[in-house]
Amino acid sequence: MAKLSKKQKEARAKIEKDKLYSIDEASALVKEITTAKFDASVDLAVRLGVDPRKANQMVRGVVTLPHGTGKDVKVLALVTPDKEAEATAAGADYVGLQEYLDKIKAGWTDVDVIITMPSVMGKLGPLGRVLGPRGLMPNPKTGTVTMDVAKAVTEVKAGKIDFKVDKTGIVHAAIGKVSFTPEKIAGNAKELLDTLMKLKPAAAKGVYMKSVFMSSTMSPSVQLDPKTA
């Protein structure tokens, strides 16, 4: 096991063992225990009482974080010529169709989100092996396949993220930056947790929100009390 630095030891010492923190307490503490010299991301890891192998217990959705992600999200709009002006006006970083399909086929994936139209999805099918593993394949369920391209681009730029429970039953999501105030971190965390509660599958039995941990890119994890989440 790697040896902890002095700063890492000091950070861990500030976390009370076995204590379950409120969202507000955790949001302030994560800022305090982050020693990174860059603006680290703040992440939530939520363990759900579901079996993701069963279709009726899959948890997937989107949420617009009220205070944004703190990240400059690069958006590619794969649209037909009649939608190009709309996508550009909404703030898409890259707009076009065939030239970008060719670039992706050649291995280019320097974007965070791809938004497209239903009529274009057929052209993206063959690129699934490139886009799928990177989480870039547009999906109607997350609002990235739509005729309202301008709305989709605006929402993503404003802080809309999508999430999906992994095979171990955990939802991982970046909810902001350490430079945010504790109030903004807490506000984004509450919005995500509220959304997860609304998405509780009817087939899920027992405790639904089993554990919630908040951390930054370079900090130890702080455990939240799921009952206050």
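These notebook entries record what I looked up in a predicted model.

I took local features only at pLDDT of at least 70 and side-chain atom pairs only at pLDDT 80 or more, while totals for chains, interfaces and linings use all residues. Residues are numbered from 1 along each chain as its sequence is written, and side-chain values use heavy atoms, without hydrogens and water.

Entry on salt bridges. I counted 10 salt bridges (a side-chain nitrogen of Lys or Arg within 4 Å of a carboxyl oxygen of Asp or Glu). I looked up K14 and E32, which form one with their closest N and O atoms 3.6 Å apart. K14 lies in the loop between α1 (6-13) and α2 (23-33) and E32 in helix α2, so this pair ties together parts 18 residues apart in sequence. Helices (H or I, at least four residues) are DSSP runs, as are strands (E, at least two), numbered from the N terminus.

Entry on surface charge. I found a negative patch formed by D82, E84, E99 and D102 (residues with over 30% relative accessible area and no salt bridge, like charges joined within 9 Å; areas by Shrake-Rupley with a 1.4 Å probe; Asp and Glu count as negative; a charge is placed at CG of Asp or CD of Glu). Helices α3 (81-90) and α4 (98-105) each supply at least two of its residues, and E99 is found in α4.

Note on methods
Patch = residues over 30% accessible without salt bridge, like charges linked within 9 Å, V, L, I, M, F, W, Y side chains within 5 Å.
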